[in-house]
Structure formats: C-alpha cells, structure tokens
Amino acid sequence: MTLFDPARHYPLLQLDWNPDTAQQAISAIAHDTIAQLRTGQLPGHPMDDQAFGSDLYIGKAGVLWAIHYLQTVGAIDSTFDVTTHLDAALAQNRQRYPKVTPYPEQSSYLFGELPLLLLQYKLSPSEDTATQILNSIHKNDSQPIRELMWGIAGSMLAACFMDQWTQEARWQDVFKLQAGLLLQEWQPVGDAGYLWTIDLYGSQQQWLGPVHGFASNLTPLLMGQSLLTDEEFQDISTKAMMTVVQTAVTEDNGANWAAVYDAAKPDQTPNLVQYCHGAPGMVTALATLPKGINESFDRLLEQGGELTWQAGPLRKGSNLCHGTGGNGYAFLKLFTRTGNQMWLDRARVFAMHAIEQYRLSQQLYRQLRYPLWTGDLGLAIYLWDCLQAQAKFPTIDIF
C-alpha cells in the first residue's frame, strides 16, 4: 500500500534555504504582477483549466488582495493603489458570477463578490459596504451548500473577519446563526466519526478536505472560537479530532486521508497529497485544534506532515491549492504547533523547490501564473511566511 502517487510528485532534493533568493522571488512576482495590472490585462495561464476571472480563487480579487497584503506586511516596496481597481472588479464579478456558477443564488467566498466587498471595507470602511457584505452573507442562510468554496463556511469566514475588524454584534449574530445551521447537519457516519454530507455538483458525498468538506466547515468554527461557548468549542474539538483519527489511513510513519469518505470502502487507499485533498490540507486546516487532548490526533498531524515530506514537491506547480507552496504550509503549521525546527526547515526546502518550479514555468510559458490560489502570488506569500517563520494561510487565516 502506498499513500501517494509518485507520478504526481518530483523527487525531493536537499536544497539549501536561501532567504535572499526567497525575497528576490517575492519581489519579482509582485512587481511583474503590478506591471501587468497597470496595463489593464492579466492573462490566464495554460495550466489553469478556468478562464482568469474577477474572483478570489483564480481572478482579480485574489491578485488585488495579495498585492495589498504584501505591501501591508512590508514584503515589497510598492505604492500601487489597489483601490483603483476594486469597483471595476466588483462590477465584473456581479455580471459574470451568475452566468458561470452552479449556484447563482449562493454567496461564494472563493468565486463571488464577498472578498471584493471585504477588501473594499478594509481599505475604506463604510456602512453601505458593510450592509452589502451582511446581505451577501445572509444569502447562505437558506442554501444547502455546506462547504467553503461555494457555501456557508465561506460566508461564516467573512463574518469572522468583519467581527475582528469591528466587534459589532451583527457579525457575531450572523456567525452564530450560520454556525447553528452548520452544526445541525454534522452527523455521525458509521465508524468515521462525525461528517457533513455535502450537496455538491449534483451528488451528496462526505468530502473531507479544507475546500469542499469536513475540514472546510471546521475552518470558520475554529476561527470563530471566541464567538462560541466553551462547551460548544469543546464538543466541536472532541468530534473533530475523533473523526480525523477514524478517517486516517496510516502506513509506516505516514498518514493520509481520502478526498471523499466512502462507507462502502472504509479501507480505501488515498493517493492525493495536496492542500485541497489529502494530508497537507487536513494538517493545515486543523493544526489549531487544542493540543494534548487526543494523543492519537496529535500524532496523526505529524504523520500527515511526514507523508507530505515523503511525497515531495507537486508536479502541478508551485501554487497553494494543489501545488508545492500549499503543501509546505503543513510544515509551517506543524512548526507553529510543535516548535520543532525540523518542520520549518522542511517548509523552507519546499520553498526552494517551489521557486525553481515558478522560474521554470515562467521560462516555458513566457508569463507568470497570476492567480492567488492557483498561481505565483500564492507562492510569494508562502515564501514570506517561510522568511518570517509563521503560518498564515492567505485569505483563510488572515484577510
């Protein structure tokens, strides 16, 4: 039994960490992107299976957020004003989203208007923008999609960020309302523990990962811990850790999780090792759960990190969602959780691999891969976190 597909990964090389190289890559990616923004054109990339849009995942919202973030933290020296692009991006998103989404009545965090409104509010707070955000979040009160990309977990995350910025009761209220809806549907599933049955793309399945499934729904619940009672958070933590333990597949010192739990195949062998499906995403999303309560859970997180290391850099690119940078965040999270320098060292080895990948891709395609989640800007933020020895997954842990 092998818990990953070697054909999806490159051999792991012991590359030496070079902080100057990392900083140079951050600057090169950001300034190339800014130059493209100034031309008014951000081309799509042949490796992406969707057209470049206006959204957070594979569009302009993610680009604008990333440039602003890199400026704010001091990662780049730039005075580029992202606010001049926000109105047009929001108008484009509102015109395009209903035509391309499978859920036109839903408010989507990764593809809809919410992140653009959040960025507008963060840069220029107004009651009008806040009202638009609240109305957008409330669209998910009655919708069936229970995950982060299209549904309620994403709108809860938006409520968390607004609460952090304002401490206003309305954001706490809508978070608690949607948390209640989400928790009502968290049910025991055979021997797997507690899972959500996700109504997605015409089927109902028990997805596990941090974009569509179990881990994605836990993300805002962990982020919004202060808005829950101690008893609620303890119950969530206990059920979450139990489920991680009972859905894990282990071999030697590694652990992995299937993209979808199948009760008919409880011993299925998972082979995806990327942020959106598999061990890296499970570790990254759930590493903030309390330590020392469930020793098996604590051990499995490190086994998931070990498998991610054994599998090596991903051939699908340097990006966050399904690339080397996203996998590296599992190491940064484990370093933050355990204090073990080995995990930071491993994150930085993956960073050097990812820099080589981005450079080779740029030479081959004669352009950058611009999106935040699927492209080089996500790598730039990962490199910054490697430099700072921190783990702040963009637009999930921080906005």
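In this predicted model, Glu185 forms a salt bridge with Arg146, in which the closest N and O atoms are 3.2 Å apart. The two residues belong to distant parts of the chain, since Glu185 is found in the loop between helix H7 (169-184) and strand E1 (187-188), while Arg146 is found in the loop between helix H5 (127-138) and helix H6 (152-166), 39 residues apart. Glu185 is partly exposed, with a relative accessible area of 35%, whereas Arg146, with a relative accessible area of 5%, is buried.

A salt bridge is also formed by Asp397 and Lys333, with the closest N and O atoms 2.8 Å apart. Asp397 lies in the segment after helix H14 (376-388) and Lys333 lies in helix H12 (residues 324-338), so that this pair ties together parts that are 64 residues apart in sequence. Here Asp397 counts as partly exposed, at 27% relative accessibility, and Lys333 counts as buried, at 6% relative accessibility.

The side chains of Glu113 and Arg94 likewise meet in a salt bridge, at 2.7 Å from N to O. This pair links distant parts of the chain, with Glu113 in the loop between helix H3 (83-100) and helix H4 (114-123) and Arg94 in helix H3, 19 residues apart. Glu113 counts as buried because its relative accessibility of 13% falls under the 20% cut-off, while Arg94 is partly exposed, with a relative accessible area of 38%.

The structure holds eleven salt bridges.

Methods
Residues are numbered from 1 along each chain as its sequence is written. This is a predicted model: local features need pLDDT of at least 70, side-chain atom pairs count only at pLDDT 80 or more; totals for chains, interfaces and linings use all residues. Side-chain values use heavy atoms; hydrogens and water are left out. A salt bridge is a side-chain nitrogen of Lys or Arg within 4 Å of a carboxyl oxygen of Asp or Glu. Helices (H or I, at least four residues) and strands (E, at least two) are DSSP runs, numbered from the N terminus. Buried means under 20% relative accessible area, exposed over 50%, partly exposed in between (1.4 Å probe, protein chains only).
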